[in-house]
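Work through the following exercises with the structure open beside the text, and try each task before reading its solution.

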Amino acid sequence: MMQTISPTLLVMAAGMGSRYGGLKQIDPVGPHGQAILDYSIYDAIHAGFGKVVFVIRGEIERDFREAIGARFETHIPVEYVFQELDKLPAGFAVPPGRSKPWGTVHAVLMAADVVREPFAVINADDFYGAGSYQLLADYLLADHLGAATDDYAMVGFTLRNTLSDFGSVARGICQVDTAGMLESVVELTHIERDGNGAKNTDSTGLVTHLSGDEPVSMNMWGLTPPIFDALSEQFRSFLLEHGSETNSECYLPNAMNALVAGGQAKIRVLRANESWFGVTYRADHSHVVEKIASMTAQGQYPESLWS
């Protein structure tokens, strides 16, 4: 009998939430003090994921384990890997004055030694919805049991439904062909509401107007282990160009865009019907609490997830 390979959930949780003003990954939003991560793990387990790997910084390990990991370590195997500034390829070093993390590509690469199966990547502080996890689990289980393919997936959300009312956000704007395959994704880092649409203002002040209907990447990817070698090459290229800078980050959407453009990856966009919400600014918190309360009242989640 063939053994079923359960996909792994890789959670990027190393950020300290500088704009939000605290360790937002452990801030309670549910009726019994649950964090957004509790709902992410709950949804992932029910979708068929078999392991969770957290990418965190060593300095938050104790608080993170006590406030988050302890909730569900008896429900699913959990591993921790650490994103530190000095974990760089041979020949590279941290430049003087740099304290900013190297970005989401670097975060994913931290798990290369512990992930051997198809896996999903998510942000720790985004609520993606149960249906989104099921989309990825079904895709990975159906098509990637061998875990040795460069065919990947991305859950695409509608831009309008991912914006904050309290400030600008970064989003990966996607171009998708008629077959549902990703043609390009470009990370825009200063998107805000503009009527029923949106606008992005770049570092030079150039404004790009957006309809709000664009599919966007929220860093919810379905990947397989070959991606680690491909991302390692992307990260080395980034360091050659930006490794002496104190603030530049190597973004996962940009790296995936480069792989698609170079013919090194094929990425299917799985359009989500789920409501996305997250906490970018402290003022977003009450909105998330209201949403969770409503979904709990409707029976989508039990009041106590882990009892």
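The model shown here is a predicted one.

**Exercise 1.** Find how many cavities of 30 Å³ or more the structure holds, and describe the lining of the second largest cavity by class.

*Solution.* Begin with the count, which is two cavities of 30 Å³ or more. Next, turn to the second largest cavity, whose volume is about 40 Å³, and list the residues that line it, namely Arg 57, Gln 83, Glu 84, Leu 85, Pro 101 and Trp 102. Finally, sort this lining by class, which gives three nonpolar, one polar and two charged residues.

**Exercise 2.** Determine which helix gives the largest share of the lining of the second largest pocket.

*Solution.* First, note that the second largest pocket has a volume of about 260 Å³ and that 18 residues line it, with Leu 163, Arg 193, Trp 276, Phe 277 and His 287 lying nearest its centre. Then look at the elements that each supply at least two lining residues, which are strand S7 (169-176), strand S13 (277-278) and helix H7 (284-297). The largest share, three residues, comes from H7. By class, the lining of this pocket has five nonpolar, seven polar and six charged residues.

**Exercise 3.** Decide how helix H5 (residues 227-242) and helix H6 (residues 252-261) are oriented to each other.

*Solution.* Start from the axes of H5 and H6, which come within 10 Å and cross at roughly 100 degrees. The helices are therefore roughly perpendicular. Now examine the contact itself, where Ile 227, Ala 230, Leu 231 and Gln 234 in H5 meet Leu 252, Ala 255, Met 256, Ala 258 and Leu 259 in H6. The residues of this contact divide into eight nonpolar, one polar and no charged.

Note on methods
Residues are numbered from 1 along each chain as its sequence is written. This is a predicted model: local features need pLDDT of at least 70, side-chain atom pairs count only at pLDDT 80 or more; totals for chains, interfaces and linings use all residues. Side-chain values use heavy atoms; hydrogens and water are left out. On a 1 Å grid over the protein atoms alone, a cavity is a set of points where a 1.4 Å probe fits but cannot get out, and a pocket is an open set with protein on both sides within 12 Å along at least five of seven lines; lining residues have an atom within 4 Å of a point. Grid points are joined across faces, edges and corners, and a volume is the space filled by probe spheres set on the points. Helices (H or I, at least four residues) and strands (E, at least two) are DSSP runs, numbered from the N terminus. Ala, Val, Leu, Ile, Met, Phe, Trp, Tyr, Cys and Pro count as nonpolar, Asp, Glu, Lys and Arg as charged, and the others, Gly among them, as polar. Axes are lines fitted to C-alpha atoms, for helices over the stretch in contact, and angles run from 0 to 180 degrees between N-to-C directions. Angles under 35 degrees count as roughly parallel, over 145 as roughly antiparallel, 65 to 115 as roughly perpendicular and the rest as oblique. Contact means heavy atoms within 4.5 Å.
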